[in-house]
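Student: I have a model open and would like to go through parts of its fold. Could we take it topic by topic?
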Amino acid sequence: MQDQNKYYLGIDIGGSHFALGMVDASQMGLLMETVERYPVDGNLPAQDFLDHLLSAIRESIQKFKKPIKGIGLSVPGPFDYANGVSHIRGLNKYDALFGVNLKLFLWTHLQDALPSPESIAFINDADSFVLGETYTNNLDKGKVLGVTLGTGIGSGFVIDGNVVTEHANIPNEGNIYNLPFKNKRVEDWISTQWFLETFTKTTGITVGNVKEIAEHAETLEKGKEIFEQYGQHLGEVMTSLSEVFKPDALVIGGSISKSYHLFNEAFEACFPVLPNIHITKGTAHAAILGAVIHLTIKQNKLSTKRNTEQYVMPMQADGSRTGEGYTVYPSFEISTGTVSMGVESLVDELPKTGCVLIDGYMGGYWEEFMARLSSEFQKRNVKHINYAMASAYKEVSVIEEMVAPYLGGDDPVFGKIFPGDLKDFFDEEKLQSIKPEEGVLNIIYGPGAALSGWEGTVIYMDIPKNEIQFRSRAGQVTNLGNIMVADKKHQYKRMYFIDWPVLNRHKHQLLKDMDYVVDGQFEGDVSWCSGDTLRTALQEMSAHAFRPRPWFSPGIWGGDWMKEKFDGLAQNVPNYAWSFELIAPENGIVISKSGARLEVSFDFLMFQDNQAILGKAADIFGTDFPIRFDYLDTVNGQNLSVQCHPTLEYMRENFGENFTQDETYYILDADAGAQVYLGFKEGVQKEEFQEALEQSHAQAKPMPVENYVQTFDAKKHDLFLIPNGTVHCSGIGNLVLEISSTPYIFTFKMYDWMRMDLDGKPRPLNIERGVANLNMECQGDRVEAEYISKPQVVQSGNHWKKVKLPTHPKHFYEIHRFEFTDEMIIDTEEQCHILNLVEGTKIRVVAQNRSMDIHYAETFVVPAAVGRYKIENLGEGEAKVIQSNVKPEFCKTGF
């Protein structure tokens, strides 16, 4: 009969030993007969320490002879407990482990005994002790405060059976050792060092440990007095904490707790009302049990990897697509090189000794990827050590102080672009502490790995921006500095203004040195190619037409036009408000070979050869792509907010962007009666508009927008001009192709129709900023005359014509429409063309002896380097293609 008990191995790693024991999780009890202690030298090299730990674990498992469900480890800090990475350094023990990922090492070598990497968990030694004591003494309903008394003082806080490290009524991360006490720190008064120094100073006798002082205390009055002083110090600290935390019980452990009888009276006298106190019978035993309890709690908490209904792009095209209709996953088939799938094939390419540097973007499933990688190396008997680059981050407080001026304070949306580099986030001393060992393969991984100073093979893992956001919403993403931001809107703000600019600069610098590039969006596996393949592919794309990969997002005002017309979109969503057709900072490009796909961010193209992409505009915009195309869908949806965008001066001064958000609305489709709100009615004054906005917001009452803002009927192929400062919004019933300058989050919402966002919270308004940027000259008859484009035929031929849709003088880009029944020849004239098939079913774009089919509503790019290209109508009736590029005169004058 199969054993129904669930057994786990618990391990307490001390300064000079490992203590291991099996826990029966069905009763949550430590099996005392299985407990073993193994001495260990804290100054061993990393590989020797790891081998020693592994040997002890294997011996325990073999002796037990029953399968185990997991391993919980109690480890002293500093340590990255979530990921199993040691941050211990400068403590004269375990320094060689700094940056080493113990979790990956154990999983790699114990896969035969464990079900998954999630069956290994780490917890702070003080927390594990308190948790173990909590359950041993049946205190799991209520609050428990525990301390371990030894070399220093460890602490742990438990509420209803769960360790808490962040709570309004506990110190930061649950640590009390560094709290101020008697003009010093708590640990300066409650530690072995205090005992030794005080005893020597008081008696003139030098001893080596507290045990000797305890022996003296039995016969030496001054020895007993020192223990009483210690007890008073501890009592004062614990009463102060108890007044705030209000624990139901106190638990005390650690080596000095064995001498509790020498200081209990002084300690207990500090409490007005004597609390429920538990002195441990075995600190290591409690820690072993607590480590396992922590693991089982983690395993019982289901974790969502991504918070979205959207699909992950399939790594392999399945061949089922007929080729007709809008394509959600466009790709560019490369001529040279190979796109490979699977970690196994990547490992075959990597060295077996020396160093591998795995750099990459934030938001990757780093632990899963590294677990797969390590498993493959283990199968090949490659001895290797994994080091986490994140262990070398500067302290959180230092990073927070560095980035604070760029986070916009309490503003929920806006900050200012951080001008620094990725190296600014790392501590040089910590970096120097991560030392590769001779004779093994050393792998350092995580954003910034190339800054380690190691020489070796460089791998770069890229993550699409949409995936980063989906993972962020599921709580799976930390910001640079390993900082977890709970508010996801604030986390996005931090990503936009701090992390992404920094990581993009690093990516740019690293592109030429990448030996391999990995697409990290796929859970459990990757696609990859060599760096040479990617660089060649980017150069090839720069000379041909291509489509970026769009991505889609719901919103409170969203409609169902795209949901109904675009095959391949998830249908169990409330709506689709946006399609990011081409918003360069957030879109990706997909290269493929024989059906295998690999996506990298659009900016790789700009970093590789911005001149080929932008032509004459490259000198003005550098590696910033200037124009964006996106969809706003309000068909069967709701009005957008009443809004405007910042002036150029305001944008540069307040947000650090080089250019501002000048927009146009091209109406791709519209229901009968659809409207666009644009410009003010004649005579509206800024002050009265602001007063109406503020009154509506303060009183939570609807505002009669039409009393202030003009409305215009919206018909298919209309173009509304919305330069910065223009009050506007799309009404219900429009499918807007927004042709705009690239900045895309700088919308000052001034009125939002009294509604909540999809998360049930009010969408943030920016009335003051919006009003400050309003162009009050955009009112009355001027709106129709100057802000609604009047098409002009500028060229025509047999069955074709080129129509100019004039933009506002503030716009740095121009817009044309090509209308044809057969074909047209077009010249880029050294400008990048961004295009969309706005009428017709299908066209073919032929550029540089290569063709690409485009379907209705698809956006595509023709780089400046292409020169002449042809578009052929493959459908019935007339085809219409909208096209935009930077104005030629602007390339000469600039901003």
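Student: How many bridges pair strand S28 with strand S35, and in which sense?
Tutor: In this predicted model, strand S28 (residues 627–633) and strand S35 (residues 734–741) are joined by 7 bridges, in the antiparallel sense.

Student: Which residue in S35 stands opposite Arg-628?
Tutor: Ser-740 in S35 is opposite Arg-628.

Student: What is the strand order of the sheet?
Tutor: The sheet is open and has 6 strands, in the order S24-S25-S28-S35-S30-S33, with antiparallel pairing. Strand S24 (551–553) and strand S33 (719–722) are at the edges; each has a single partner strand, so one side of each lacks a neighbour in the sheet. From one strand to the next, the twist averages 20°.

Student: Is Gly-555 buried or exposed?
Tutor: Gly-555 is buried, because its relative accessibility is 3%, and buried means under 20%.

Student: What is Gly-555 in contact with, leaving aside neighbours within four places in sequence?
Tutor: With those neighbours left aside, the contacts of Gly-555 are Asn-575, Ala-577, Trp-578 and Leu-758. As for Pro-574, 19 residues separate it from Gly-555 in sequence, and the C-alpha to C-alpha separation in space is 8.3 Å.

Student: Changing topic: which residues have the most contacts inside the largest nonpolar core?
Tutor: They are Ile-57, Ile-358, Leu-373, Phe-425, Phe-625 and Phe-689, in a core of 226 residues.

Student: Taking Phe-425, what is it in contact with beyond four places in sequence?
Tutor: Phe-425 is in contact with Ala-392, Tyr-393, Lys-394, Ile-399, Met-402, Val-403, Phe-418, Leu-480, Ile-498 and Val-502. There is also a second, separate core of 37 residues, which includes Leu-145, Phe-227, Tyr-230 and Leu-262.

Student: On to the helices. At what angle do H6 and H7 pack?
Tutor: Helix H6 (residues 210–217) packs against helix H7 (residues 221–245) at about 120°, and their axes are 7 Å apart. The two helices, H6 and H7, are therefore oblique to each other. The crossing in which H6 passes H7 is left-handed.

Student: Which residues meet there?
Tutor: From H6, Val-210, Ile-213, Ala-214 and Ala-217 meet Gly-223, Lys-224 and Phe-227 of H7. Phe-227 is also one of the residues of the second core.

Technical notes
Residues are numbered from 1 along each chain as its sequence is written. This is a predicted model: local features need pLDDT of at least 70, side-chain atom pairs count only at pLDDT 80 or more; totals for chains, interfaces and linings use all residues. Side-chain values use heavy atoms; hydrogens and water are left out. Two strands pair if DSSP finds at least two bridges between them. Helices (H or I, at least four residues) and strands (E, at least two) are DSSP runs, numbered from the N terminus. Axes are lines fitted to C-alpha atoms, for helices over the stretch in contact, and angles run from 0 to 180 degrees between N-to-C directions. A nonpolar core is a set of buried Ala, Val, Leu, Ile, Met, Phe, Trp, Tyr and Cys residues joined through side-chain atoms within 4.5 Å. Buried means under 20% relative accessible area, exposed over 50%, partly exposed in between (1.4 Å probe, protein chains only). Contact means heavy atoms within 4.5 Å. Angles under 35 degrees count as roughly parallel, over 145 as roughly antiparallel, 65 to 115 as roughly perpendicular and the rest as oblique. A crossing is left-handed if the near helix is turned anticlockwise from the far one by less than a right angle, and right-handed if clockwise.
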